[in-house]
Amino acid sequence: MTPLSLLPDFDLADRNTLALIASSRFGVTITEPGMLPALFDTARTRTLPVRILGGGSNVVLAPAYDGITALVAIKGKRIVAADDGATVVEAAAGESWHDLVLWTVEQGLGGLENLALIPGTVGAAPVQNIGAYGAELADMFESLLAYDRNTGAERIFTRDDCAFAYRDSIFKHEPDRYVVLSVQLRLPGAWTPNLNFAGLSDLAAPDLTPRRVMDRVIELRTSKLPDWRVTPNAGSFFQNPIVSTDAAQTVLAEFPAAPNFPQADGRTKLSAGWLIEKAGLKGFSMGPVGMSERHALVVVNHGGATQADVSALSAHVKETVKARFGIQLHEEPIFC
Ligand SMILES: Cc1cc2nc3c(=O)[nH]c(=O)nc-3n(C[C@H](O)[C@H](O)[C@H](O)COP(=O)(O)OP(=O)(O)OC[C@H]3O[C@@H](n4cnc5c(N)ncnc54)[C@H](O)[C@@H]3O)c2cc1C
């Protein structure tokens, strides 16, 4: 068992992209899987809960967590297998997701380019099945290796085991059980660009490369989203609601041009950002937090905010959208 040293009064203000005031009774950085048995043994002995964090880009942290916050920083990436059909790459949980995308694209490997510039770590990517620009992690997912806190053993998860759905997976439903250690992705040998998203379709050309698509995605994201290093935020704060046909028709009867995306199960996905903007909340502020003036879906911290400030704003946005459109929004980041 690899020993570990717990750091007391661990400050997390610069370890969450919302820059909320946050600390933990203890903190520890996990640099190798062998540290996990000692971590959970120690937690059991001291009857302390353990909270797993990657880059802190999809969380709304409590001001004072009375437990151990474990930062997953296990590094390493490699090509596992390559033939004409596909290349399988593997990255450890603590690798930066965007660095992994860059690394694959630099080697001429396509498949991840639409998911460029999403902050955070590889290990967190399966947790909410990250997605952007018409692609999601599940599209390229091969398998992952996780540590099971209940059994103390490592377990391989296939795509089916993960139960991926829109911003969802089994890991969201069993939050205190698994620590993702590494992820394998299968990148196609014969690359087909995925341009089915506004802002990408004009790129269609016979000599198009993954890099060109990635560059466009980066350009679009940079122009639309506030930079969390300058204006602290956690990206999209609400999931796009998937509603019944009747509920969607009520919105479309009033606003025929409202963005809407029919789903395979007959329901319709609406744009949470559009609903928030139409409810008059783009740029709305409440104390030290607000909805971004650049993007209605993004909660920003103007400075000095806590989890309670974010909760109050979120409740107000949900109530306002519900009252205006009858549609219930759900937060995307995890309050922990
Ligand atoms: C500016 C901005 C833009 C964003 N854009 C997108 C986007 O386009 N698409 C999208 O899907 N998301 C987006 N996000 C959200 C976020 O980047 C992703 O959800 C990302 O995967 C979170 O990674 P993280 O390492 O920061 O996770 P954290 O925020 O640290 O953790 C998130 C959750 O995952 C769990 N977790 C973390 N690591 C592990 C692990 N190794 N094993 C088990 N559980 C773990 C944590 O316990 C927590 O519940 C954006 C965020 C920001 C700030």
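Which residue caps the N-terminal end of α2? In this predicted model, local features need pLDDT of at least 70 and side-chain atom pairs count only at pLDDT 80 or more, whereas totals for chains, interfaces and linings use all residues. Residues are numbered from 1 along each chain as its sequence is written, and side-chain values use heavy atoms, with hydrogens and water left out.

**View 1. The ends of helix α2.** The N-terminal cap of α2 is S96, with a side-chain oxygen 3.4 Å from the backbone nitrogen of H98 (a polar contact is a pair of N or O atoms within 3.5 Å; within protein, one must be able to donate a hydrogen and the other to accept it, and residues adjacent in sequence count only if both atoms are side-chain atoms). G108, which follows α2, has a positive phi near 80°. Helices (H or I, at least four residues) and strands (E, at least two) are DSSP runs, numbered from the N terminus.

**View 2. The buried face of α2.** In α2 (residues 97-106), W97, H98, L100, V101, T104 and V105 are buried (under 20% relative accessible area, 1.4 Å probe, protein chains only). These buried residues fall within an arc of 160° seen down the axis of α2, so they line one face of the helix; the arc is that of the directions from the helix axis to the C-beta atoms.

View 3. Oxygen atoms of the ligand lie 2.6 Å from a backbone N or O atom of I52, 2.7 Å from a polar backbone atom of G54 and 2.7 Å from a polar side-chain atom of T121.

Note on methods
Buried < 20%, exposed > 50% of the residue type's maximum accessible area, 1.4 Å probe, protein only.
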